[in-house]
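Please open the structure in the viewer and keep the sequence beside it.

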Amino acid sequence: MALNKIKLGKYIELYSKRCNIPKLTNDDVSGVNKDKEFFEPSNQVGSDTSKYKIVPPHYFACNLMHVGRDVVLPIAYNHSGKDKVVSPAYFVFRFKENDELLSDYFFLYLKSNERDRYFWFNTDSSVRDGMAWEEFINVDIELPPLDIQQKYVDIYNAMVSNQECYERGLEDLKLTCDAIIENYKHTSIKRNVGSLLREVDCRNDKGIQEVMGINITKQFMPSVANVNGVDLKKYKMVNDGQFAFSGMQTGRDKCIRIALFNGQEPIIISPAYTVLEPKDNSIIPEYIMMWFLRKEVDRLGWFMSDASIRTNLDMDRFYEIEIPVPSHKIQKSIVEVFHAYNERKEINEKLKAQIKDICPILIKGSIEEARKEA
């Protein structure tokens, strides 16, 4: 059995069916991320979504704009059992029935940095660094026979199945954690944030150079601000067990930007942020952070933000937010469940990364096996 080289366009069939629904929300529309997976909600949705395209199960959606800029081909395969809806800028297609290429194998083929660089090399010289559809379907692919393709697709699917099983258990643990908090939400005494946390103002006297910020997922991240020539001695330090809070743009983002720092060495943040810590040992910091991770608290923060251009959540209003506070023993038990969830979540992310990294190895193995049997 020898390798067979084909052009993508030989078996591709374009599909362009509109959803004809004018008022879809971000939650109804899918985007495609750099890992070549659909995600919801979409980053942004137009005012009239009636022209948005349907992606049926086992169809691909591909956005050929920005391929050169991002050095990645944004393409995803609909593995779900239901239709997806994407922007009209996407190309939607499927592979016609044939005896040379499996759709699942093509999906594996795409999941490598080497393929992305190849598509990047074939982009045009426009401002957006896009890739023409004609160039895309003219790509040559070297294929092993169908039985070998299927063999390696089965290996990949078995790995994904195991990861998804682990992920379902992870979600069950998250539901348990949420249910426990929900129970004590109605049975514990509520205390406002101002009675639980106090402000700390320690400036950068250790020469720390890397400035951190907070993203909308309530995680610390490297700051995107330009600090060239800025006196970093004025920046605030955050130590282990302390919170960083920013009330700016709470209304715009519908999110309270607060993060809990856990680390041996302190970090620094903008002096515009507020650093907070528990007033006494009756409060476990992780328990407070769990509360701020709830969507209902973000909605409350959005409701309490002011009517300024930045829609800020002022400190006095932030301090008014109430948190149900059970006994220290119960807080500890809830936090232990939360820690178990986070540890398993990290393991799940590592599993997903390993599966992605193994895709090029599977493709290489299938090609080498076909050459040996030729």
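Begin with the residues that line the second largest pocket: 8 are nonpolar, 6 polar and 10 charged. Here Ala, Val, Leu, Ile, Met, Phe, Trp, Tyr, Cys and Pro count as nonpolar, Asp, Glu, Lys and Arg as charged, and the others, Gly among them, as polar. The model is a predicted one, in which local features need pLDDT of at least 70 and side-chain atom pairs count only at pLDDT 80 or more, while totals for chains, interfaces and linings use all residues. Residues are numbered from 1 along each chain as its sequence is written, and side-chain values use heavy atoms, with hydrogens and water left out.

**The second largest pocket**

Select Glu37, Phe38, Gln163, Glu164 and Lys352, which are the closest to the centre of this pocket among its 24 lining residues. A pocket is found on a 1 Å grid over the protein atoms alone, as an open set of points where a 1.4 Å probe fits, with protein on both sides within 12 Å along at least five of seven lines; lining residues have an atom within 4 Å of a point. The space in the second largest pocket is about 770 Å³; grid points are joined across faces, edges and corners, and the volume is the space filled by probe spheres set on the points. Strand 4 (38-39), helix 5 and helix 11 each supply at least two lining residues, and helix 5 gives the largest share, 6 residues. Helices (H or I, at least four residues) and strands (E, at least two) are DSSP runs, numbered from the N terminus.

**The largest pocket**

Next, select Ile216, Thr217, Lys218, Leu293 and Lys345, which lie nearest the centre of the largest pocket, a space lined by 48 residues. Its volume is about 2000 Å³. Which helix gives the most to this lining? Helix 11 does, with 9 residues. The lining comprises 18 nonpolar, 10 polar and 20 charged residues.

**Two packed helices**

Now display helix 5 (146-187) and helix 11 (328-373) together. Their axes come within 9 Å and cross at roughly 170°; axes are lines fitted to C-alpha atoms, for helices over the stretch in contact, and angles run from 0 to 180 degrees between N-to-C directions. Helix 5 and helix 11 are therefore roughly antiparallel to each other (over 145 degrees). Their contact holds 26 nonpolar, 4 polar and 9 charged residues.

**A buried strand**

Move to strand 19, residues 274-278: 5 of its 5 residues are buried, so the strand is largely enclosed by the rest of the structure. Buried means under 20% relative accessible area, with a 1.4 Å probe and protein chains only. Thr274, Leu276 and Pro278 are buried on one side, and Val275 and Glu277 on the other. In a regular strand the side chains alternate between the two faces of the sheet.

Strand 12 (residues 197-200) runs antiparallel to strand 19 and is joined to it by 4 bridges, with Val200 opposite Val275. Strand 16 (residues 243-246) is also antiparallel to strand 19, through 3 bridges, and Phe245 stands opposite Thr274. Two strands pair if DSSP finds at least two bridges between them.

Finally, select the 4 strands of the open sheet, in the order 14-13-18-15, with mixed pairing. Strand 14 (220-222) and strand 15 (236-238) are its edges, each pairing on one side only. Strand 13 (residues 211-214) pairs with strand 14 in the antiparallel sense over 3 bridges, and Met212 stands opposite Pro222.

Definitions and conventions: Angles under 35 degrees count as roughly parallel, over 145 as roughly antiparallel, 65 to 115 as roughly perpendicular and the rest as oblique. Buried means under 20% relative accessible area, exposed over 50%, partly exposed in between (1.4 Å probe, protein chains only).
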